[in-house]
Amino acid sequence: MSFLSPFLLWGVLAASIPIVIHLLNRRRHRTVQWAAMEFLLKATRESRGKKKLKYLIILTCRALAIVALVFAIARPLVGGFLGWSGGKVDTVILVLDRSASMEQQSPGSRESKRASAIASVRKSLSELNSPRLVLIDSASGKAQDVPSPDALEELSSTSATDTKASIPTLISTAIDYVLDHSPGRTEIWVASDLQESDWSPEEGRWAAIRAGLNDLPQKTTLRILSLASAPKDNISIRVLASRRTEDELVLDLELTRTDSDGPAAIPITYSVNGTRSADKVTVNGQTYQFQKRLPLGTREGRGHGFVSLPADTNLRDNVSYFAYGEDSPSKTYLVSEGGEAPEWLELAAAPPGFDRSEATRVSPNSAHDIDWSSATLIIWQAALPDGPVAEEFMRYIESGGAAILLPPLGESDTNFAGLSWGEQSTAPQGQYFIISEWDQADGPLRNGLEGTQIPVPKLKAIKRREILGEATSLALWDDEKPFLVRKVIGDGSAIFIATLPDYTWSNLADADALLPIVQRMIEQGDNRFGSAFAAITGSRKSMAADGETRRRLDTHAKSTSSNAPYEAGVWQLGDRLLATNRPKSEDQWQILTTAKLNSVLEGVPYKLFEDAGESESLAREIWRAFLIAMLVFLITEAILCLQPKLKNTKS
Amino acid sequence: MKYDFLDPEALSRLGAIPLEARQAMTGNVAGRHRSPHRGSSVEFAEYRKYVQGDDTRRLDWKAYARSDRYYIKEFEADTNLRAYFVLDASGSMGFSAADDARIQFARKLAATLSYLIIDQGDAAGLSVCQEKIHVEIPPTRRPAHLNHMFEVLANTEPTGETGLVEALHTIAEKVAQRALVIILSDLFCDTNALGDALQHLRYRKHDVAVFHMLDKQEIAFDFERPHRFVDMEDKTSIVAEPTLVADEYREAMKEFMATVKGKCHDIHADYHLITTDQDYEEIVHDFLTSRLTKKGKA
């Protein structure tokens with residue numbers, strides 16, 4: 001509970017008036033000569049207990065009546081959010097999470113968590129005699145003065161976005177604001193759904209934030225308005241990748257639903273260059289990935305579109321946008337020391353009949369001739385690169401490129417991406433190295449979309465090299481040494497395979513594993529080109545560069561110019577065609593637990609208020625309750641005082 | 001009049017009602033009151049057989065004629081009444097809330113009754129007791145004696161603790177002849193000891209009349225604000241909140257009055273509870289008339 005006029009609480013001291021009057025009365029007694037003293041002494045001895053208690057209750061009722069009156073005049077507020085330590089606030093800094101997940105509807109309400117938070121904050125502020133309001137929204141990350149709480153709902157900087165939020169950054173901004181502007185007694189209100197990806201509890205800068213909050217020169221209270229309710233009845237759709245193959249558009253799509261009870265047929269609308277089509281997808285389980293091929297006909301050049309779902313409890317994740325460019329052949333560079341292996345690798349990279357695929361052999365010494373920008377896949381079967389070539393190779397992977405690294409025939413002492421080749425070993429006579437287990441859900445050995453397994457068990461190796469370093473093992477030999485590991489570097493990844501498609505090493509060449517591995521890596525590398533047309537909403541890539549103007553191309557929704565950079569859609573930015581979508585983390589529902597919140601704010605006094613969406617205001621005045629309490633105290637006092645008089649009259 | 005506790009008009013009005021003894025008295029002169037002895041009054045008492053030595057003049061010859069036996073006809077003797085006023089003059093008798101102090105009321109009663117008693121030819125005496133018997137005036141019939149009594153009454157001021165019980169025991173022992181003992185007191189003493197003292201008086205065949213004198217405020221205890229109450233006898237004091245103790249006080253006072261009344265009833269004493277706001281003439285009137293009706297019942 002807090003008070004709008006806390007200075008009036010000094011009036012509570014008036015509660016002592018009845019006690020003081022009582023004590024003065026006792027001191028200002030008259031003296032009488034009394035004859036029947038014996039009876040008076042007896043009566044005094046006997047009157048202790050019940051009557052004294054009654055007298056104390058009367059006195060307490062009088063004192064409490066005064067306290068209740070003072071409390072009522074001081075205009076008390078309840079609602080949990082403001083807690084007991086309220087009082088006059090000069091400035092409220094509202095840190096507003098505008099991330100896409102905040103568009104989830106509040107439980108029991110049809111408005112989004114963001115709208116609910118804004119409405120609650122607005123009402124609370126008006127009940128706090130409207131202190132100065134500074135808004136720091138998660139999309140722009142900038143502090144701005146808000147002239148009136150009533151304007152909150154109208155501001156474009158409080159409207160919905162498809163961005164993510166970085167709460168540590170926002171709180172840091174709030175701290176900087178307090179330091180720079182000395183806004184008097186300040187409260188920092190953080191309205192967020194406590195999505196773990198937005199709070200980044202593992203980030204090292206929380207220590208600096210904690211220190212910053214504790215070292216603020218002015219009294220500053222941190223209050224967190226939590227809207228952390230798990231979503232219900234929500235399905236989201238996401239375009240994982242889009243690419244053009246000749247006359248078809250291939251979309252890799254992912255559906256995620258919050259309720260995974262039984263199969264559900266989900267209608268999906270596809271819009272490609274303004275042409276709409278629809279079908280239904282039956283989903284089992286929580287997440288479902290599938291591929292959709294849409295005919296493009298004879299249309300050439302670039303294009304765009306979106307996929308959408310019917311409305312549910314979060315409208316923001318019911319649509320995902322895509323854009324695509326010209327069809328271009330996939331180019332694989334094969335860096336090899338020679339021998340039998342490159343033959344097989346080249347065949348796997350550009351099999352006969354795959355006109356769009358071409359493979360170019362390069363010797364390790366001329367690796368610097370590789371056109372990294374046009375490469376779809378780099379297959380490196382040689383000693384690991386070093387020097388400028390290694391740096392170029394690394395940059396290529398970081399930008400989304402794909403790479404397959406195979407053991408060199410000779411020695412290799414170098415290290416690439418934290419991995420290196422170990423000792424070469426040979427299987428005992430008459431025995432083979434075989435694969436005991438592999439990841440069937442992820443990586444290049446994953447099952448096909450229809451669940452078909454890659455025949456990995458058919459692989460038999462005589463020779464292998466150990467893979468040293470930390471990486472994700474996607475397949476293991478039967479002695480639990482890695483056969484295939486993956487290292488994610490930036491937007492791309494590199495895989496290390498422990499044997500060669502060479503009959504002196506293994507049957508990898510004719511087993512049915514090499515082709516899917518290479519083709520899947522090409523597909524992954526291809527996405528690098530598709531991703532040129534895709535960006536995360538709010539990222540630097542999604543922003544208009546100098547001289548670029550922004551124009552929305554899709555027909556799914558309209559944007560206001562001020563909020564457009566933070567909204568998902570298909571945009572023409574100068575010459576660029578860009579589909580922006582919400583970050584994947586916004587579809588993940590890990591909520592920051594109270595323990596983690598305590599951990600990130602350890603040593604910082606803060607108040608957490610969990611808004612269940614039932615109350616419109618975070619605080620409401622309850623002076624009436626105190627007036628009623630005062631009346632109750634006065635009536636009780638009157639009843640207790642009246643009783644003995646009635647008795648006297650009777651006697 | 002010289003004494004403010006005497007009202008001649010009241011005395012003249014009350015003079016018409018005689019004070020009767022409720023039992024036989026053993027006075028030393030002839031009077032209007034019955035005597036336990038047979039005497040020469042006109043009131044027939046009984047017949048008894050003649051025994052040797054009896055005065056033959058008292059033989060009832062008519063009875064002898066009827067029964068051929070000698071009977072002596074006896075008549076009741078009439079004698080005078082000796083009244084002892086026992087005035088409690090302890091400190092508590094000085095209590096006064098709004099009306100006269102209790103001692104002044106007692107003076108009025110004692111003076112009026114003693115005047116009436118001597119006026120009808122009986123004897124009146126006075127004992128004033130404080131911690132001990134302070135003044136003792138033996139009863140006489142002489143009107144001049146009244147002056148002495150009034151002088152003592154006028155000069156008696158309440159002080160000290162009460163010695164009423166001891167005084168009553170003393171009177172019971174000292175007064176050999178039957179007498180009317182009139183006690184004027186608030187009776188603020190140990191009720192058991194008081195009961196014993198009254199029994200003692202009764203045992204000595206005295207007719208006992210008790211004027212239990214209380215103040216209206218002592219019974220009602222209608223204070224509203226806290227007061228410091230100072231004991232009028234031993235000067236101890238206590239600050240009390242009347243609203244807290246009034247009920248218990250009234251209960252204790254009620255119990256005290258009932259106990260005293262019971263003790264008086266046990267010895268057939270003539271008990272009168274009076275409050276000092278009452279009209280003393282009316283009290284005396286009621287006292288005299290009630291004794292007329294109760295005559296011989298005691």
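**View 1. Helix H3 (residues 50-73) of chain A packs with H8(B) at an angle of about 155°, their axes lying 10 Å apart.** Here axes are lines fitted to C-alpha atoms, for helices over the stretch in contact, and angles run from 0 to 180 degrees between N-to-C directions; helices (H or I, at least four residues) are DSSP runs numbered from the N terminus. H3(A) and H8(B) are therefore roughly antiparallel, a word used for angles over 145 degrees. This is a predicted model, in which local features need pLDDT of at least 70 and side-chain atom pairs count only at pLDDT 80 or more. Residues are numbered from 1 along each chain as its sequence is written, and chains are lettered from A in the order in which they are written.

**View 2. H3(A) passes H8(B) in a right-handed crossing, meaning that the near helix is turned clockwise from the far one by less than a right angle.** The contact (heavy atoms within 4.5 Å) joins A:Lys51, A:Lys52 and A:Tyr55 of H3(A) to B:Thr243, B:Leu244, B:Asp247 and B:Glu248 of H8(B).

**View 3. Helix H2 (residues 37-46) of chain A packs with helix H8 (residues 242-266) of chain B at an angle of about 130°, with axes 8 Å apart.**

How values were computed: Side-chain values use heavy atoms; hydrogens and water are left out. Helices (H or I, at least four residues) and strands (E, at least two) are DSSP runs, numbered from the N terminus. Angles under 35 degrees count as roughly parallel, over 145 as roughly antiparallel, 65 to 115 as roughly perpendicular and the rest as oblique.
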